[in-house]
Amino acid sequence: MVTAPVQPSTKREVVFSARGISKVYRMGEVTIHALRGVDLDLYAGELVVMLGASGSGKSTLLNIMGGLDSASEGTLRYRDQALSGVSDRELTRFRREHVGFVFQFYNMIPSLTARENIAIVTDIADNPMRPEEALDLVGLADRMDHFPSQLSGGEQQRVAIARAIAKRPAVLLCDEPTGALDSKTGIKVLQVIEHINEEIGTTTAIITHNEVIGRMADRVIRLKDGRVDEEHRNDRRADPAELKW
Amino acid sequence: MLTLHRKLLRDLAGLKGQVAAIAVVIAGGVMTLMISVTSLDAIRLSMDRFYATHQLGDVFASVNRAPEVIAERLREIPGINLVETRVVAPVRLEVPGFDDPVRGTLLSVPDGRQPSLNRLHLVAGSLPESGRANQVVVSEPFAEAHGLGMGDRLRVIIRGRYETLVISGIALSPEFIYQVAPTDLLPDYERYAVMWMNRRALGNAFAMDGAFNSVVASVQAGASTASVIEHLDRLLAPYGGIGAHDREDLMSHRILQEEIAQLRVMAVVLPGVFLGVSAFLLSVLMGRIVNTQRQQIAVIKAFGYDDRDLAVHYALLTGLMVAVGVALGIALGSITGDLMAALYAEYFRFPETVTRLQLRVVVLAALVAAFAAGLGTFRSVAAAVRLPPAQAMRPPAPEQFRQGWMDRTAAGQWLAQTTRIILRNLSRHRLKSAMTITGIGLSGALLLLGSYQFNAVTHMIDTQYRKVLKMDTHVTFIEPTSAHVLAELRALPGVHYAEGYRSVPVRLRNGHLSERNAIEGLPASPQLRGLVDRSLRPIELPADGLFMTDFLADQLELRPGDRVLVEIMEGRRRVLEMTLAGTVDEPLGLGTYMRLDALNALMREGPAITGAWLLSDPDRRDALYARLWDAPRVAGIGMISQAEDGLRQYMEDTVLVLMSILLLLAGSITFALVYNNARIAFAERARELATLRVLGFTRAQVGWVLIGEIALLTLLALPVAWLLGTLFAWLLSLAFSMDMIRIPFHITHQSYAFAAAGVLVASLLSVVLIARRLRHLDMVAALKSIE
Ligand SMILES: Nc1ncnc2c1ncn2[C@@H]1O[C@H](COP(=O)(O)OP(=O)(O)OP(=O)(O)O)[C@@H](O)[C@H]1O
Ligand SMILES: [Mg+2]
């Protein structure tokens, strides 16, 4: 069941526009349809939460929007720039200039300290924060010289978020940013994301399994079997501090 | 500093052991390249310069005695440029304070001035003054060996008469860069002297007034040396010419050429092997790094680093390892290079050793190493660059295994679970296992090669002195002498046995191929001079027909049964056709042999000999030599046992030193390979091993998973090592087959055992180091990290 996209209350600029996005993985004789025709618009400054069962295609969609992967079919635009059918080099430039990622598996570089894990991004960004500043935002300023192996899973996750926001990206894509965190730390992390979204007007997409987090979004999108199953707009964005799980 | 570069340094630091291992191998390549290219360059340049500045002749001829007027006719030979006639006299001398007999060659220089060819380089003092009969110039190494200086006196016996000569100068000659007595292979500066004195004085003393017995000539640019030689031979034949020859048959030049040829082989083979192995090691290591860093690569790409950044990153990683290796190699190369230069300076006497900019060699070495590294890592880096960022970010899927014989057969069921893990891993990574086996096999092959060299050289010397030259003393006569002299020799103090031989200078021809050589006439079954076949069985000389060193037969493209043209260069010139009856195997020198009686018949003479071999009592040898020196017909005495000692010393000094270095390097390569491999296996398995530990397997069981794999791979690598090593040894024995010395293709069981032991020890050492890591295997950390 596909519902028509909900119209924004105020006319806002479309940042991402996806039409008929499919993704097929071929593994020997098996083909896996990770996405089967996704239509989706994201608007400037919007905070979207994506929900869906495991294997429903959330990460795949996020990766394609972030220019990490390309769709097997369909078109994708970022503002006036095509992201489908373009060269690897253009995707790379797109990622470098516009996107901040928070990965499902943290993906720290083990041989770099927390600060350096952030610096590796700010090194090639236009107008970044200082890594220390970003770490301060996630409350880890005192751990900046620690290596990932010396940090807990949650702490690594927070460094990953600091790393994603440090470049002040136009688009922030977070794959289960709170998956590994207790609710108190999780809320702290969500507050940072919200803060960036408000402050810089970063268009933000958060993948989560946690229904509660949907309440802080402008819009909630549900994926099922590689399709947009349902979406709805919140009347009011809840402050992350109000969330409980 | 860019953070990406910091990651580089951290990665390197984390791979210390492996980086060091690879660096050592690269260093080995760079070092051997530097040593051989520098030595090659130095010898060639120094030789060329010495020849050019001191006018080494192109053609050389000896005669019995020719009147000086003939010189004018020689100068008219078409194509000939300068002609220098001279007197060359074998002499004996006494050096104050030195008891052993000393042999010498005394050459004439024009009264009071430099000859136009083979000019002397005076290191000190001056040429004999014009008109002075008692002044002599001595060669530098001889002067050094005895601490002789200007004004020192020498007692020289020329034709049985004592002359006291005063040293007026010390010199080097382009003709005697490698200064060796006529019957010897190796220099003995204490017991052999080269000296020069005025022509008139020497002529008087040697009964060569107004005559000469040696000619040196230069050939005009563009003229044919062969035709000059032919003319010379024709003009000099009536005066006892034994055939002119070009530089190739000049002992000193010949040895230099062989040294250059050896260095050429070395310059390619050794660095090739080392750098090949390092390329292999790098490719395995980089492959592994890229594999374990798949996710990091993906993340870095996700951040917006492009392919070039990543290519540069991983190329730099390799580059740094290469840089460390090259730096180490250069350091080692310049240390050992100086050592080698000193060694060469001992054997080859140049007025100046020309060493060109080392920079060129260094750059060459670095480029070759970088090229090898590039070859080794290109694939991994390309793979890293190609990784799609999204794909790599998923945790690696569990590898696919198939059910195999282990699951179906009873034997398989019986295997312990841990052993099955080993076998599954190996069969799953067949290519990688094969690469590892090849790599370890390669390093084992190097060990075998090194050990082969050690043994082959010893074997060669043993063969030469136990099977071929069984005499301890070699006497040559000034001219063919009746065989009755043997009875007199046997009567000398301490002589147990004496055997005579006849030597006739010849030129052997087969079609356009020709070689100067001498036919030695021997008793049918000589007691003191062994002729042996390839399996060292003695050969019986047939009543007619020639035997030849197999290497000489090969050079003339002759096989047993073929006809060969023999041009007799003594007495009346004749060309005969003879049959090659068979070949003999000798590691040193080239010879042609036939029955003494047949040779005497051929020369239309009675039973005559030109030399004899003696077996004597070591304790009475001094007395024997004293008597021999005073015998009027004796031209020279070869002290074979001393020559053997000298040869063994020389081999120790050069070949074995070099081979020890090689062996050391091969050992470290073996260790590097095995250790590297074990480390990689450990890193790849850490998670699996930790999981096994968590599941309750004991440390020993878990250790077996890793160590058993190393052990199995090592065992499988042994036959590969033997096979490759045998191949290497064979190639090397081919490459090192030269006129003077041939290293036999002879691999002992000990060599095979040694190679195996080396590999096993290296494995054991790696296992010990890995076991230490295994003990500290942090279960929690291994499980926590995604990597
Ligand atoms: N590289 C790949 N190769 C093969 N199949 C893949 C690949 N990546 C994803 N898939 C498959 O595509 C489907 C969607 O995967 P995706 O990672 O997008 O799910 P998800 O919604 O993020 O799930 P989760 O909540 O568990 O993270 C799954 O069935 C997955 O197995
Ligand atoms: Mg996911």
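These notebook entries record what I looked up in a predicted model with chains A and B.

**Conventions.** I noted that residues are numbered from 1 along each chain as its sequence is written, and that chains are lettered from A in the order in which they are written. Local features need pLDDT of at least 70, side-chain atom pairs count only at pLDDT 80 or more, totals for chains, interfaces and linings use all residues, and side-chain values use heavy atoms, with hydrogens and water left out.

**Interface.** I looked up the contact (heavy atoms within 4.5 Å) and found 25 residues from chain B and 27 residues from chain A. The two chains bury about 2300 Å² between them, 62% of it on carbon and sulfur atoms; buried area is the accessible area (1.4 Å probe) that two parts lose on being put together, summed over both.

I then looked up salt bridges (a side-chain nitrogen of Lys or Arg within 4 Å of a carboxyl oxygen of Asp or Glu) and found three across this interface. One of them joins Arg96(A) to Asp309(B), with the closest N and O atoms 3.5 Å apart.

**Asp175(A).** I located Asp175(A) in strand 7 (residues 171–175) of chain A; strands are DSSP runs (E, at least two residues), numbered from the N terminus. Leaving aside neighbours within four places in sequence, I found Asp175(A) in contact with residues including Ser59(A), Leu62(A) and Ile207(A).

Conventions: Helices (H or I, at least four residues) and strands (E, at least two) are DSSP runs, numbered from the N terminus.
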